[in-house]
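Here's a quick tour of the structure, from the packing inside to the charged pairs. Have it open as you read.

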Amino acid sequence: MRIGVVSDTHGVLGADVVEALRGCELIVHAGDVGSAAVLAGLEAIAPLRVIRGNHEPEELAYLPRSLEFEAAGLRFYVLHGFISMPRERARSMFGNFFRRLAERKIDVLIFGHTHIPYNRREEGMLLFNPGFAGASAEHRELGIITVENGSTAAVHVPLGQLGEERNT
């Protein structure tokens with residue numbers, strides 16, 4: 001299964017994002033969507049799982065703050081604001097959070113907010129931030145997680161300049 005992962009679109013769905021997500025069987029948006037039109041554009045590509053970020057318009061206030069779901073036999077947990085940091089520091093600051101995820105047998109934790117791509121395994125769990133997919137950053141990226149036979153492989157996909165963009 002090919003899962004597209006985006007975050008922090010901030011109301012802009014670029015043609016390069018749409019093209020990079022073609023062929024995905026599921027798309028996960030980790031918050032700061034920015035507009036209902038972005039959701040509609042993503043839903044036209046594949047089924048969508050989405051959460052609310054910290055900069056959403058009133059029209060998206062109905063979105064959940066976090067989401068847990070199963071896909072391709074794995075358990076996913078999605079939230080917007082999670083801090084990527086070295087394991088020792090993360091364990092001391094977020095130890096209870098990690099324990100709760102382990103108890104729920106979460107395989108993949110997807111987060112956004114920092115605009116910084118992150119792809120690391122911690123004690124069997126994939127921690128993944130796709131980076132920033134909006135229009136106002138020099139480095140724009142999204143992620144693709146491939147699940148095959150219960151194993152995950154995650155990569156970041158650099159996005160080009162938004163010469164041909166679809167503002168929504």
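## Packing around L42

Setting aside neighbours within four places in sequence, L42 is in contact with V6, L13, L21, I27, H29 and L48 (contact here means heavy atoms within 4.5 Å). Keep in mind that this is a predicted model: local features need pLDDT of at least 70, side-chain atom pairs count only at pLDDT 80 or more, and totals for chains, interfaces and linings use all residues. Residues are numbered from 1 along each chain as its sequence is written, and side-chain values use heavy atoms, with hydrogens and water left out.

Buried means under 20% relative accessible area, exposed over 50%, and partly exposed in between (1.4 Å probe, protein chains only).

Helices (H or I, at least four residues) and strands (E, at least two) are DSSP runs, numbered from the N terminus.

## H80 in β6

H80 sits in strand β6 (residues 74–81) and counts as buried, at 5% relative accessibility. What does its side chain meet? A polar atom of the H80 side chain lies 2.7 Å from the backbone oxygen of A30. The C-alpha atoms of H80 and F111 are 5.0 Å apart, though 31 residues separate the two along the chain.

## Salt bridges

The count comes to 5 salt bridges, taking a side-chain nitrogen of Lys or Arg within 4 Å of a carboxyl oxygen of Asp or Glu. R140 and D16 form one of them (2.7 Å, N to O). This pair links distant parts of the chain, 124 residues apart: R140 is in the loop between β9 (125–129) and β10, D16 in helix α1. Both ends are buried, R140 at 4% relative accessibility and D16 at 18%.

E68 and R104 also pair up (2.5 Å, N to O), with E68 in strand β5 (residues 66–71) and R104 in the loop between α3 (87–103) and β7 (108–112). Here E68 is partly exposed at 27%, and R104 is partly exposed at 38%. E68, E70, R75 and R104 are linked in a network of salt bridges.

How values were computed
Polar contact = N/O pair within 3.5 Å; in protein donor to acceptor, adjacent residues only side chain to side chain.
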